Amino acid sequence: MATSAVARDVVFALRQKIAKIEGTLPELLVSPSDNRPPAGVLVRRNGVASARDFFLPTGVERLDEALGGGLPKAALTEIHGTETRNAGAAAGLALCLVSLMLKASQKPGALVLWIGTAEIFREAGLPYAAGLDWLFGLAPERLLFAEAPKPADALWIAEEAARIGELAAVIVELRGNPRSLDLTATRRLHRRAQDAGRPVLLLRQSAESEATAAPVRLIASPAPASLRHTVAGPLAGSIGPPAISVEIGKSRTALPGKFILEWNPDAHTLEERRHSPEDRVAVVSPSRSRADPQAAVGTVVAFRPAAEPAPGGEPSGEQYPAHRRPRRAG
Amino acid sequence: MGIAEARAMHPSIDVVEADPEADRRLLESLADWCDRYTPLVALDGENGLFLDITGCAHLFGGEKALLADLMARFFHQGFDVRAGLASTPGTAWAAARFAAGQIIAPGSERNFLSRLPLSALRIDARTKASLESVGLRTVGAIMDGPRAPLVRRFGAELVERLDQALGRLEEAISPRLPVAPLSVERHLADPLSLLDDIERLVGLLAATLKVDLERREEGARALELLLFRVDGVVSRITVGASRPIREPSLVRKLFHERLTALGETIDAGCGFDLVRLSAFSTACFDARQGDLAGEIEDTGEELAIFADRVTARLGEAAILEPAPAASHLPERAAAVVSYAQEEDRKAFAQHGKAKSGATSRPARLERPIRLFRSPEPIEVPLTEVPDGPPQNFRWRRAMHRVARAEGPERIAPEWWREETDAPTRDYYRVEDADGRRYWLYRQGLYGAQAPAPRWFLHGVFA
């Protein structure tokens with residue numbers, strides 16, 4: 001058995017070396033000789049073994065699993081918004097993650113810097129301190145905004161900001177696919193984030209997916225919110241906590257996934273909404289005899305449209321199945 | 001003489017329209033250039049400059065050498081300049097006009113002026129004409145005459161001008177630019193033209209400035225770099241610091257950012273032969289004791305420097321900070337102000353209140369995460385009931401169908417601030433069919449006021 005143990009050790013050492021050289025995937029390195037549960041030693045790019053806190057668990061099991069443990073903390077993360085008018089959803093996702101990071105870091109007084117170009121702040125609005133306070137618990141004193149005239153300036157500010165210890169997280173928001181934001185630029189940002197050990201979130205509104213050095217790319221789009229929960233049950237017609245539809249565009253594990261995440265503004269946690277928004281209550285009963293007058297405008301998402309009634313005003317078989325029909329006596 | 005007559009006499013004459021604005025600009029740029037001799041430069045009418053060289057002459061090897069240097073440099077720039085030097089502005093004015101290049105020694109103003117015509121006294125043409133009509137043609141003629149009749153007949157100004165020229169009455173020139181409390185400069189025998197060299201020189205100048213600042217126990221809040229080009233063009237480059245600074249490396253960093261941002265707009269031309277660094281706003285600098293490792297406790301220093309660098313490169317409004325205020329109006333409740341402004345406000349609040357009452361935090365209301373700088377008008381074709389939320393709205397040319405709505409939340413204007421009675425706003429939180437959540441408001445009420453209410457989109461929710 002001794003030989004095989006030595007061989008396994010050699011294999012283990014080699015794997016460690018490879019991980020150091022490649023260094024990209026933080027690999028769980030457990031010596032096979034001991035049977036203890038994995039202590040969780042991870043090797044980072046520069047060969048520095050770090051503890052488990054390499055990842056930020058989002059709190060959503062399936063998402064964490066698909067990302068291979070969570071969101072890498074000391075890295076560049078791209079968040080894409082599909083359209084500029086979806087800026088609320090993309091910004092919301094970024095803020096959810098920042099809020100989780102701040103909660104996990106427990107560093108009091110750390111600031112968050114939000115960098116954007118003048119264009120995106122004009123098109124999608126400035127981050128509003130009162131709203132961030134209400135939803136994400138980010139006090140106005142902890143926020144700083146930087147408005148750059150051009151994307152290149154925004155990237156310069158981001159690079160400079162990434163090394164400042166007083167900033168807990170840096171959000172860079174850009175619109176479209178500027179030429180200055182190429183693979184090299186993302187690699188520079190990623191390196192800065194790695195060196196500083198702090199996250200840099202690259203928020204890209206209405207941008208095409210390009211080659212990026214960021215290990216994770218999430219695509220955020222809006223999702224209908226669930227209803228407000230009251231003691232008496234869901235409140236019809238109300239708008240509950242924010243919901244964001246998140247799709248994994250790129251990750252180390254390359255597992256696909258699409259989730260509808262809900263932010264809990266009281267506990268400051270992310271949760272996944274498994275059920276489709278079926279707890280929506282139909283406020284008005286569907287019209288039986290005629291087609292839905294609203295149907296031409298768009299699809300009705302609140303409820304299934306009533307089945308096509310049979311000619312002559314008879315209820316369709318689907319609506320009144322035979323076995324539910326009251327039995328005729330006699 | 002009209003142009004036609006002039007042309008008849010000299011057919012090759014070139015006619016150029018008078019441009020007082022351009023003349024003024026030229027005079028100002030000359031005044032800028034004269035900063036190299038003294039910081040106290042004032043404009044004098046349309047064609048003159050006053051330079052107060054008190055205490056500056058020895059830097060150029062005496063008054064005579066200064067005057068010769070100034071004349072030579074102006075000559076090489078292509079200007080025909082007449083200069084006079086005296087111990088009072090009035091006499092210097094007269095010397096420049098009637099005895100160019102002369103230096104009037106203190107005490108000999110009387111002798112010098114007595115020979116000159118009345119125009120040497122800076123008096124208006126009417127006074128001069130009426131004096132001449134009674135046979136007083138030189139300054140000497142009125143200098144010894146009785147004062148009371150002169151004042152009675154020709155006004156107080158005449159005697160005042162005379163006293164100013166003779167030094168009986170103090171006259172100060174008002175410099176056109178504020179004078180920096182501290183400045184250091186270097187004359188270069190070999191003009192500099194590379195930005196890197198200028199940056200290096202800034203570091204050296206800042207090291208000299210640091211000694212002065214340390215002596216005064218101050219730090220610089222605003223710094224100005226003056227680059228005097230050989231051919232007379234002066235570039236002024238200013239940077240600000242949110243906290244007082246005096247480390248040469250920091251000063252150099254700030255100027256590095258500023259110079260990088262300016263880039264090609266600084267035209268070095270044939271090079272700069274004088275570089276001056278002045279601190280025109282200083283503030284008390286409290287030196288802090290570092291710990292044993294030499295590390296100064298983290299007090300936002302790094303962030304302040306970062307903010308200064310960004311503002312040096314991109315302008316004052318590049319770094320913004322929310323300033324919460326006790327107001328119900330969303331745009332006023334969390335307005336953003338520039339970082340330096342907010343730092344000042346915070347420092348002021350700390351001094352004033354001594355931590356007693358922190359700024360009252362606004363109530364945690366449901367507010368959007370992004371707010372538009374100015375609310376965007378939307379078209380609302382239909383609402384459920386007159387005061388209800390819209391059923392659909394057009395924003396940026398796209399139709400959005402409202403699936404759900406919450407509200408209204410009525411926010412009345414702050415009558416104690418606004419002059420006119422602005423209409424009230426009814427805010428609705430709406431969600432469209434795709435799940436985007438918006439914050440809309442209706443300005444005014446249906447039927448209540450004469451103009452129909454308008455709808456705006458003010459923010460977006462997560």
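The points below cover confidence, the nonpolar cores and a pair of packed helices. Please keep in mind that this is a predicted model.

**Confidence in chain A**
- Chain A has a mean pLDDT of 79, with 72% of its residues at 70 or more.
- Over residues 31-40 of chain A, pLDDT stays under 50, and the model has 11 contacts beyond four places in sequence for this stretch.
- Residues 45-49 of chain A also stay under 50 in pLDDT, with nine contacts beyond four places in sequence.
- Where pLDDT is low, the predicted coordinates should not be read in detail.

**Nonpolar cores**
- The largest nonpolar core holds 113 residues, and A:Leu93, A:Ala94, A:Ile115, A:Ala158 and A:Val170 have the most contacts inside it.
- Helix α3 of chain A (residues 87-105) gives this core its largest share, 13 residues.
- Leaving aside residues up to four places away in sequence, A:Leu93 touches A:Ile79, A:Leu218, A:Ala220, A:Ile244 and A:Val246.
- A second, separate core has 56 residues, including B:Leu70, B:Leu209, B:Ile245 and B:Phe255.

**Two packed helices in chain B**
- Helix α10 (residues 195-216) and helix α11 (residues 248-262) of chain B pack at an angle of about 145 degrees, and their axes are 8 Å apart.
- The crossing of α10(B) and α11(B) is right-handed.
- Among the residues that meet here are B:Leu195, B:Ile198 and B:Val202 from α10(B), and B:Val251, B:Phe255 and B:Leu259 from α11(B).
- The residues of this contact comprise nine nonpolar, two polar and three charged.

Note on methods
Residues numbered from 1 in each chain as written. Chains lettered and ligands numbered in written order. Predicted model: local features only at pLDDT ≥ 70, side-chain atom pairs only at ≥ 80, totals over all residues. Axes fitted to C-alpha atoms, helices over the stretch in contact; angles between N-to-C directions. Helix = DSSP H or I, 4+ residues; strand = E, 2+ residues; numbered from the N terminus. Left-handed = near helix turned anticlockwise from the far one by under 90°. Contact = placed C-beta atoms within 7 Å. Nonpolar A, V, L, I, M, F, W, Y, C, P; charged D, E, K, R; others polar. pLDDT = per-residue confidence, 0-100. Core = buried A, V, L, I, M, F, W, Y, C linked by C-beta atoms within 7 Å. Buried ≥ 20, exposed ≤ 12 C-beta atoms within 10 Å, placed from the backbone.
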